[in-house]
Amino acid sequence: MTDVVVNLGDIQEKYLSLKIREKQIDKTTMGNALRLFKRYNLIEILDRELNQEDSRIIIYDSILMAIRVEDIRRVYELLEKYRDRKQEELSVKLTGNVTDAARELFLNEAKPEKNTSVRGGNNRR
């Protein structure tokens, strides 16, 4: 196996593609994670500025000793199940809203119109 060189932009892009959250990893969280991995010699930071998208990182093969592939697959599968369930809930909610709106429209159409016009004038004196 060989070491892998990535930049922070690659990491952010992959993170967004997994749809774990709808926004990028914030700078503090990214910095903390990278320092932790560096402390355990899992990565090497090649550039001083960690807030640039093109900052490069070497990921050592030893990361496979710290993070098991089976665990990554399991987390990915759980994320997929969670995402599918959320999609189903949204679909049911939207369908319910459409059904409610259609029912309301039907009920309003079926009601007889009330005659609000006044015939003649007021004859009281």
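Reader: Why is Arg-74 called partly exposed?

Author: This is a predicted model, and in it Arg-74 has a relative accessibility of 42%. Buried means under 20% and exposed means over 50%, with partly exposed in between. The value for Arg-74 falls in between, so the residue counts as partly exposed.

Reader: What makes the contact of Glu-77 and Arg-74 a salt bridge?

Author: The N to O distance between the two side chains is 3.8 Å. A salt bridge needs a side-chain nitrogen of Lys or Arg within 4 Å of a carboxyl oxygen of Asp or Glu, so this pair qualifies. Glu-77 is also partly exposed, with a relative accessible area of 42%.

Reader: Where do Glu-77 and Arg-74 lie, and how many residues apart are they?

Author: Both belong to helix α4, which covers residues 69-110. They are three residues apart, about one turn of the helix.

Reader: How many salt bridges are there by this rule?

Author: The count is two. Besides the pair in helix α4, Arg-56 forms a salt bridge with Asp-47.

Reader: How do you know that Arg-56 and Asp-47 form a salt bridge?

Author: Their closest N and O atoms are 3.1 Å apart. The limit is 4 Å, so the pair counts as a salt bridge.

Reader: Are Arg-56 and Asp-47 buried or exposed, or in between?

Author: Arg-56 has a relative accessible area of 39%, which makes it partly exposed. Asp-47 is at 22% and is also partly exposed.

Reader: Why is Ser-55 called buried?

Author: The relative accessible area of Ser-55 is 3%. That is under 20%, so the residue is buried. Ser-55 sits in the loop between β2 (43-45) and β3 (56-59).

Reader: What makes the approach of Ser-55 to Gln-52 a polar contact?

Author: A polar atom of the Ser-55 side chain lies 3.1 Å from the backbone oxygen of Gln-52. The limit for a polar contact is 3.5 Å, so the distance is within it.

Reader: Which residue in helix α2 is 25 residues from Gln-52 in sequence?

Author: That residue is Lys-27, in helix α2 (residues 27-39). The C-alpha atoms of Lys-27 and Gln-52 are 9.8 Å apart.

Reader: Why is Lys-27 called exposed, whereas Lys-38 is called partly exposed?

Author: Lys-27 has 64% relative accessibility, which is over 50%, so it counts as exposed. Lys-38, also found in helix α2, has a relative accessible area of 40%. That value is between 20% and 50%, so Lys-38 is partly exposed. Lys-38 is 20 residues from Ile-58 in sequence, with 10.0 Å between their C-alpha atoms.

Reader: What makes Asn-41 worth a remark?

Author: Its phi is near 55°, a positive value in a residue other than glycine. Most residues other than glycine have a negative phi. Asn-41 is in the loop between α2 and β2. At 55% relative accessibility it is over 50%, so it counts as exposed.

Reader: Which residues form the negative surface patch?

Author: Asp-10, Glu-13, Glu-53 and Asp-54 form it.

Reader: How many helices and strands does the protein chain have, and in what pattern?

Author: The chain has four helices and three strands. Along the sequence the pattern reads β-α-α-β-β-α-α. Of its 125 residues, 12% count as buried.

Conventions:
Residues numbered from 1 in each chain as written. Predicted model: local features only at pLDDT ≥ 70, side-chain atom pairs only at ≥ 80, totals over all residues. Heavy atoms only, no water. Patch = residues over 30% accessible without salt bridge, like charges linked within 9 Å, V, L, I, M, F, W, Y side chains within 5 Å. Areas by Shrake-Rupley, 256 points an atom, 1.4 Å probe, with all protein chains shown as cover. Lys, Arg positive; Asp, Glu negative; His and termini not counted. Charge placed at Lys NZ, Arg CZ, Asp CG, Glu CD. Helix = DSSP H or I, 4+ residues; strand = E, 2+ residues; numbered from the N terminus. Buried < 20%, exposed > 50% of the residue type's maximum accessible area, 1.4 Å probe, protein only. Polar contact = N/O pair within 3.5 Å; in protein donor to acceptor, adjacent residues only side chain to side chain.
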